[in-house]
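My notes follow in the order in which I checked things.

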Amino acid sequence: MVTQEQRRRQLAREKFLRQQQRRTAARRKANVRNSVIASVLGVIVVGSVLSYATGVFKNDDSKSNASAEVTPSASPPSKAPDPCEKAAEGKVKSLSWKKEPAMTIDKSAKYELKLATTCGDIDVALKTSAAPHTVNSFNFLASEGYLDHTKCHRLTTNGIYVLQCGDPKGTGMGGPGYTLPDENLKDKTLKNKIYPAGTIAMANTGQAHTGGSQFFLVYQDSQLPPSYTPFGTISASGMKVLKKIAAAGEATGQGDGAPNATVVINKATVTKS
């Protein structure tokens, strides 16, 4: 017999996947409109993961759908205090490229991504040899300052447990203008369709090879289809930062929305070990 908790998790996952499909449709319509308005606009990659991801989002089309999929609390919870500091001065850069950057990293070397956020530093050991295109892209984007001053725009605390970042627009609809191939989808850590806590993975549109700049950080084991490139492992200290952010909750009280914590990436850097 399926328990109430199992049913709740299944509904949350189904909701997540439907959101990805809606974002994909919305992106296609937007691309047609944008091509008429201004040909200089590049192809926008939707990071809807969950492409939470993506990754690894879009609100439900109706309140009735939301109520059918996730049972809300009797009353919205009180907003938790913001545990994060004021963001560093600076503005998000408006940058876009037509194609994936040329390969410049050493595929056999070790690299580390550091996200210096308003809530604390999140260090990530990157899986260079397993996901070279993804690691090379982050090395390029970090060198361009693309992720600096960007907000982590989505926190999911129901069914799946991730923080989504990497969109300069802060809406879940932004991207660098190019897409990346899926990589490392058979990573040995992905067992039984579980992305384990401590994983960093690419968000996408729900279609193959549509990753861009958006990514999600898993702070608790999350069941997802193995279609989001896992490209690194978060440090123990970084996990403490993530759990602090998650503990503050998200804005809707429904388990999927903007984090109450003001999570801004002050500076992103990639270094060779």
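**Helix α3.** I began with the buried residues of α3, which are P132, T134, V135, N136, S137, F138, N139, F140, L141 and A142. I took buried as under 20% relative accessible area, exposed as over 50% and partly exposed as in between, with a 1.4 Å probe and protein chains only. For helices (H or I, at least four residues) and strands (E, at least two) I used DSSP runs, numbered from the N terminus. Of the 12 residues of α3, 10 are buried, so the helix is largely enclosed by the rest of the structure.

**Basis.** This is a predicted model, so I kept local features to pLDDT of at least 70 and side-chain atom pairs to pLDDT 80 or more, while totals for chains, interfaces and linings use all residues. Residues are numbered from 1 along each chain as its sequence is written, and side-chain values use heavy atoms, with hydrogens and water left out.

**Cover and span of α3.** I asked what covers the buried residues of α3. The cover includes β1, β2, β7, β8, β10 and β12, with contact meaning heavy atoms within 4.5 Å. I noted that α3 (residues 132-143) lies across these strands and runs at about 120° to β12 (264-272). Axes here are lines fitted to C-alpha atoms, for helices over the stretch in contact, and angles run from 0 to 180 degrees between N-to-C directions. From its first C-alpha to its last, α3 reaches 16 Å, close to the 16 Å expected; the expected span is 1.5 Å times one less than the number of residues. After α3 comes G145, with a positive phi near 75°.

**Helix α4.** I then looked at α4 (residues 236-247), which packs on the sheet and touches β1, β2, β4 (154-158), β5, β8 and β10. Its direction makes about 130° with that of β2.

**Sheet.** I traced 10 strands in an open sheet, ordered β3-β12-β1-β2-β10-β7-β8-β5-β4-β11, with antiparallel pairing. Two strands pair if DSSP finds at least two bridges between them. At the edges I found β3 (150-151) and β11 (256-257), each pairing on one side only. Between β1 (residues 111-117) and β2 (residues 120-126), which run antiparallel, I recorded 6 bridges.

**Cores.** The largest nonpolar core has 43 residues, and L163, F215 and L217 touch the most other members. Such a core is a set of buried Ala, Val, Leu, Ile, Met, Phe, Trp, Tyr and Cys residues joined through side-chain atoms within 4.5 Å.

**Disulfides.** How many disulfides does the chain hold? I count 2, taking a disulfide as a pair of cysteine sulfur atoms within 2.5 Å. With bonded cysteines counted along the chain, the pattern is 1-2, 3-4.

- C84 and C119 are joined, with their sulfur atoms 1.8 Å apart. C84 is in the loop between α2 (63-69) and β1 and C119 in the loop between β1 and β2, so the pair ties together parts that are 35 residues apart in sequence. The S-S torsion is about 100°, so this disulfide is right-handed. C84 is buried at 13% relative accessibility, and C119 is buried at 5%.
- C152 is joined to C165, S to S 2.1 Å. C152 sits in the loop between β3 and β4 and C165 in strand β5, 13 residues apart. The torsion about the S-S bond of C152 and C165 is about 100°, so this disulfide is right-handed. Both C152 and C165 are buried.

**G170.** I placed G170 in the loop between β5 (160-165) and β6 (194-195). At 34% relative accessibility, G170 is partly exposed. G170 and C152 are 18 residues apart in sequence and 7.0 Å apart in space, C-alpha to C-alpha.

**Positive phi.** Most residues other than glycine have a negative phi. I listed K193, not a glycine, with a positive phi of about 60°. K193 lies in the loop between β5 and β6 and is exposed, at 52%. I also listed H209, with a positive phi near 60°. H209 is in the loop between β7 and β8 and is partly exposed at 45% relative accessibility.
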